[in-house]
Amino acid sequence: MSQLARVEPGEAGFDPDRLSRVTRFVEDEIAAGRLPGAVLGIVRGGRIAHFEALGHRDPQRGVPMTADTLFWIASMTKPITTVGALLLHEQGRLVLDIPIGDHLPQFADRRVADLAAWPGEGAPIPTRAAARQPTILDLLRHTAGIPEGMLGDSPVHALYTDAVGDGMTTLTGPEYLDRLSGLPLLHDPGTTWHYGFGLDLLGLIIESIAGESLGAYLRSRVFEPLGMHDTTFGVPEDRRDRYAAAFPADPETGAPQELPDLSVAAFDSGGAGLVSTAADYLRFVQLLLAGGDADTGRLLGRKTVDYMLADQLDQDTDVRRLARPGWNPGHGFGLGLAVRRRQGGASTPGSVGEVTWPGAAGTNWWADPAEDLGVVFMAHTPSRIQSHYQQQIKALVLQALV
């Protein structure tokens with residue numbers, strides 16, 4: 001995809017004066033020492049209506065933020081891995097509604113932890129047969145029963161935390177699979193939404209089908225066609241000077257904070273391993289808004305993109321974890337991303353059908369097909385303050401629409 005055309009905000013349906021509130025807000029946060037710097041890009045109608053870099057790439061050394069600054073996008077990797085899987089689906093090489101054990105034999109015959117029968121601390125966790133086996137779709141929508149251990153306090157969560165540790169920075173792909181395959185499911189597949197390691201497993205399944213690393217596969221099938229030349233797993237040696245630094249301490253609590261050392265990643269994490277720029281991710285967002293069409297030709301089928309952006313959860317699926325404050329109340333889940341179910345009930349304004357999924361280090365984006373609007377906000381704020389920016393940036397962008 002060639003570089004998106006730049007237009008004045010008014011040509012894209014924004015009130016320029018009201019849109020300038022976004023800049024003032026970010027500048028005020030930087031001046032107050034709460035935000036090191038950020039890059040914000042807005043695309044509407046296939047054209048860039050706003051793009052600016054503010055503050056510092058490295059606040060400790062006073063290096064200014066630039067448009068080509070690199071950020072760890074963490075879980076914003078997940079929608080990209082999803083597109084990689086859907087490309088295989090369109091080629092007839094990946095069936096979505098089959099057990100993951102068909103591709104990963106060590107995950108066959110999954111059993112579910114029976115916590116009601118657990119006698120207590122120190123005793124093994126009993127298991128029972130699963131109502132059905134987790135599928136590729138379950139991995140994509142976080143209904144497989146494979147949780148991220150740090151997001152709960154049950155003995156099953158503790159097992160996952162102990163087994164996986166720091167994930168991609170400590171384990172190879174085969175080691176990661178072996179650790180997870182030895183654990184029981186937290187719940188029956190399809191019954192409960194629980195954020196987990198599904199997209200990491202899917203990335204390894206993609207590798208097994210494609211016969212190459214996930215990074216090589218995505219580079220040739222997604223990044224090059226879209227012109228996402230700065231998107232990679234980890235930070236290349238010759239680009240490390242462009243990688244944004246975070247504050248060494250949480251500006252709200254003073255607690256130490258740091259980003260993971262991606263240079264030691266032992267496998268390409270389909271759930272959290274990518275580094276990118278605001279401009280690159282805008283191109284990816286525009287692909288979704290354009291129904292899979294790119295300047296170089298159609299990348300994904302229109303109905304495939306519609307399917308990805310559709311709420312995939314049954315009405316009786318337990319979504320209480322997704323609806324928690326700070327997560328995505330008012331949303332269901334599509335393939336690799338949250339889908340807004342209604343205008344009310346969420347923490348911000350928005351449209352039914354908009355999609356999003358932020359990154360743990362502070363990066364965020366959303367796409368609103370009803371408004372033909374995409375927004376990418378890149379910042380390294382690896383603490384709870386990022387929730388503040390997710391809500392405020394969205395409110396400030398939407399209030400400027402004419």
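At 35% relative accessibility, Asp68 is partly exposed (buried means under 20% relative accessible area, exposed over 50%, partly exposed in between, with a 1.4 Å probe and protein chains only). The model is predicted: local features require pLDDT of at least 70, side-chain atom pairs count only at pLDDT 80 or more, and totals for chains, interfaces and linings use all residues. Residues are numbered from 1 along each chain as its sequence is written, and side-chain values use heavy atoms, without hydrogens and water.

Asp68 forms a salt bridge with Arg242, at 3.5 Å from N to O (a salt bridge is a side-chain nitrogen of Lys or Arg within 4 Å of a carboxyl oxygen of Asp or Glu). Asp68 sits in the loop between strands S3 (63–64) and S4 (71–72), and Arg242 in the loop between strands S7 (232–233) and S8 (274–276), so the pair ties together parts 174 residues apart in sequence. Helices (H or I, at least four residues) and strands (E, at least two) are DSSP runs, numbered from the N terminus. Arg242 is buried, at 15% relative accessibility.

A second salt bridge joins Asp188 and Arg128, at 2.8 Å from N to O. Asp188 lies in the loop between helix H5 (173–181) and helix H6 (198–210), Arg128 in strand S6 (residues 127–129), so this contact ties together parts 60 residues apart in sequence. Asp188 is buried, with a relative accessible area of 14%. Arg128 is partly exposed, at 32%. Salt bridges with shared partners join Arg57, Asp68, Asp230, Arg239 and Arg242 into one network. Asp58 also forms a salt bridge, with Arg61, the closest N and O atoms being 2.8 Å apart. Here Asp58 is buried at 13% relative accessibility, whereas Arg61 is exposed at 63%. The count of salt bridges comes to 18.

Strand S1 (residues 37–44) is mostly covered, with 8 of its 8 residues buried. Gly37, Val39, Gly41 and Val43 point one way from S1, while Ala38, Leu40, Ile42 and Arg44 point the other way. S1 pairs with strand S2 (residues 47–58) in the antiparallel sense over 8 bridges (two strands pair if DSSP finds at least two bridges between them). Leu40 stands opposite Glu52 in S2. The hairpin of S1 and S2 has 2 residues between the strands, and its Gly45 takes a positive phi near 60°. S1 also pairs with strand S15 (residues 373–378), in the antiparallel sense over 6 bridges. Val39 faces Met378 of S15 in that pairing. Val39 is 248 residues from Leu287 in sequence and 20 Å from Leu287 in space, C-alpha to C-alpha. Leu287 belongs to helix H8 (residues 278–289) and is buried, with a relative accessible area of 0%.

Another sheet is open and has 3 strands in the order S4-S8-S7, with antiparallel pairing. S4 and S7 stand at the edges with a single partner strand each, so one side of each lacks a neighbour in the sheet. S7 and S8 pair over 2 bridges. Thr232 has Val275 in S8 as its bridge partner.

Aromatic pairs number 14 (rings of Phe, Tyr and Trp, the last by its six-membered ring, pair if their centres lie within 6.5 Å; planes under 30 degrees apart count as stacked, over 60 as edge-to-face and the rest as tilted). The rings of Tyr195 and Trp327 have centres 5.6 Å apart and planes at 70°, so the pair is edge-to-face. Tyr195 lies in the loop between H5 and H6 and Trp327 in the loop between helix H9 (302–308) and strand S11 (331–333), 132 residues apart. Tyr195 is buried at 8% relative accessibility; Trp327 is partly exposed at 24%. The rings of Tyr281 and Trp365 have centres 5.9 Å apart and planes at 55°, so that pair is tilted. It links helix H8, with Tyr281, to strand S14 (residues 364–368), with Trp365, across 84 residues. Both Tyr281 and Trp365 are buried. Ring pairs link Trp193, Tyr195, Trp327, Phe333 and Trp357 into a cluster.
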